[in-house]
Amino acid sequence: MSTLTRARCRARAHPAAVDTVLAVGVLLCMVAGSFVEPHDPDGVSWGLRTPDPLSLVLMTLGAAALVFRRRAPRTVLGVTGGLSVAESVTGDPRTPVAMCAVIALYTVAASTDRPTTWRLGLLTMTVLTGAAMAAGPLPWYAQENLAILAWTGIGATAGDAVRSRRAFVQAIRERAERAERTREEEARRRVAEERLRIARDLHDVVAHHIALVNVQAGVAAHVMDKRPDQAKEALAHVREASRHALGELRATVGLLRQSGDPEAPTEPAPGLDRLDELAATFRNAGLRVEVARADQGTELPAAVDLAAYRIVQEALTNVQKHAGTDARAEVSVVRVGPHIEVTVLDDGNDDGHHPTPGGGHGLLGMRERVTALRGTLTTGPRYGGGFRVHAILPVEPRSSAAPGGRP
């Protein structure tokens, strides 16, 4: 920290001491000025003179009033202005008591608003200059009288400039603080969104593969004694589903690694190009799945592609868990204009065990994915039994509102 900065800090910490030192300095300047006689009968000359006792009293009172300039700036201005008028009327020879009024006017201008500064500044300039011109011993056009006008104007202008600078610096500081808070809030929001996305991915991966493992393990346990070959095939499916689950979990959890951590093997996020493979895993678990596509090989953005895949995965997982062993599922992917429509239907039993619209983490995760992409999701039971999941996703998701619209 520099010497000037330390001095400013001490001054802010002890304002009364600073005002006292200022008052003493102003008093010394006024006393020194009172011994100088700028006018002589023979012309302009400089010489020493003896100040009037009343002038010394006025100077002392004006300087003492400056000690309280921060506490009551307008009162101090009124006191010093009155002392300056008294000095102009009664002081002989004249002394520079108006210096106190100039400093008091500066303090008022630095601590109030601009309209108040204009009013009080013009009043002080008019009163002090008018008193000096009308009642002083010098001619009204003397440069000392004009100097009072100039110095009071300078005091008001300087105080207003200081106040404006303080307000400007404060505004910059507040904007910087608001920007910092906004950055922190944005960072927290992004962290929350990323946690939510990872939670959705984990739910999708775990729910899908664990459901398959559960079904195949049940099949293996059921036919272990009578049909060991079928049990062995079911256990192979369990192993395959477990391997896929571990791989996807490793890829998802790898996003949580810190920047300095060792690299972990990852794989591309799944998309609709793996839809047949996904359907095959459910077929191996005993669910009849039919897939129909009419998207004409549309290239989807990565986020849309992943969301469509996860929606089908979660919907088929719900069919596997809730629709019964004899259920049949139909998956369709259709390109309609600027959107891709994903539909999963099943004809499962109507025993009330299907997930309710808006309930459960699976449907909630679907809805959050679709909403994040500015799409729409419709879920609900079908007439006559079964369940329907229908998602409409934009092929090119918008990152912001259209121009001229609301964000």
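The following legends describe close-up views of a predicted model.

View 1. Asp 19 lies in helix H2, which covers residues 15–34. Its relative accessibility is 2%, and because buried means under 20%, Asp 19 counts as buried. Through its side chain, Asp 19 makes a polar contact with the side chain of Arg 69, at 3.0 Å. When neighbours within four places in sequence are left aside, Asp 19 is in contact with Leu 66, Val 67, Arg 69 and Arg 70.

View 2. Leu 54, Val 57 and Leu 61 make a nonpolar surface patch of about 250 Å². Of these residues, Leu 61 is found in helix H3, residues 53–65. Leu 61 has a relative accessibility of 45% and therefore counts as partly exposed.

**View 3. Strand E7 and its pairing partners.** Strand E7 comprises residues 387–394; six of its eight residues are buried, so the strand is largely enclosed by the rest of the structure. E7 pairs with strand E5 (residues 339–346) in the antiparallel sense, over eight bridges. Within this pairing, Ile 392 in E7 stands opposite Glu 341. E7 also pairs in the antiparallel sense with strand E6 (residues 376–381), over six bridges. Here Arg 388 in E7 has Gly 380 opposite.

**View 4. The hairpin of E6 and E7.** Five residues lie between the two strands of this hairpin. In the hairpin, Gly 384 takes a positive phi near 95°.

How values were computed. Residues are numbered from 1 along each chain as its sequence is written. This is a predicted model: local features need pLDDT of at least 70, side-chain atom pairs count only at pLDDT 80 or more; totals for chains, interfaces and linings use all residues. Side-chain values use heavy atoms; hydrogens and water are left out. Helices (H or I, at least four residues) and strands (E, at least two) are DSSP runs, numbered from the N terminus. Buried means under 20% relative accessible area, exposed over 50%, partly exposed in between (1.4 Å probe, protein chains only). A polar contact is a pair of N or O atoms within 3.5 Å; within protein, one must be able to donate a hydrogen and the other to accept it, and residues adjacent in sequence count only if both atoms are side-chain atoms. Contact means heavy atoms within 4.5 Å. Patches are made of residues with over 30% relative accessible area and no salt bridge: like charges are joined within 9 Å, nonpolar side chains (Val, Leu, Ile, Met, Phe, Trp, Tyr) within 5 Å. Accessible areas come from the Shrake-Rupley method with a 1.4 Å probe; for residues, only the protein chains shown count as cover. A salt bridge is a side-chain nitrogen of Lys or Arg within 4 Å of a carboxyl oxygen of Asp or Glu. Two strands pair if DSSP finds at least two bridges between them.
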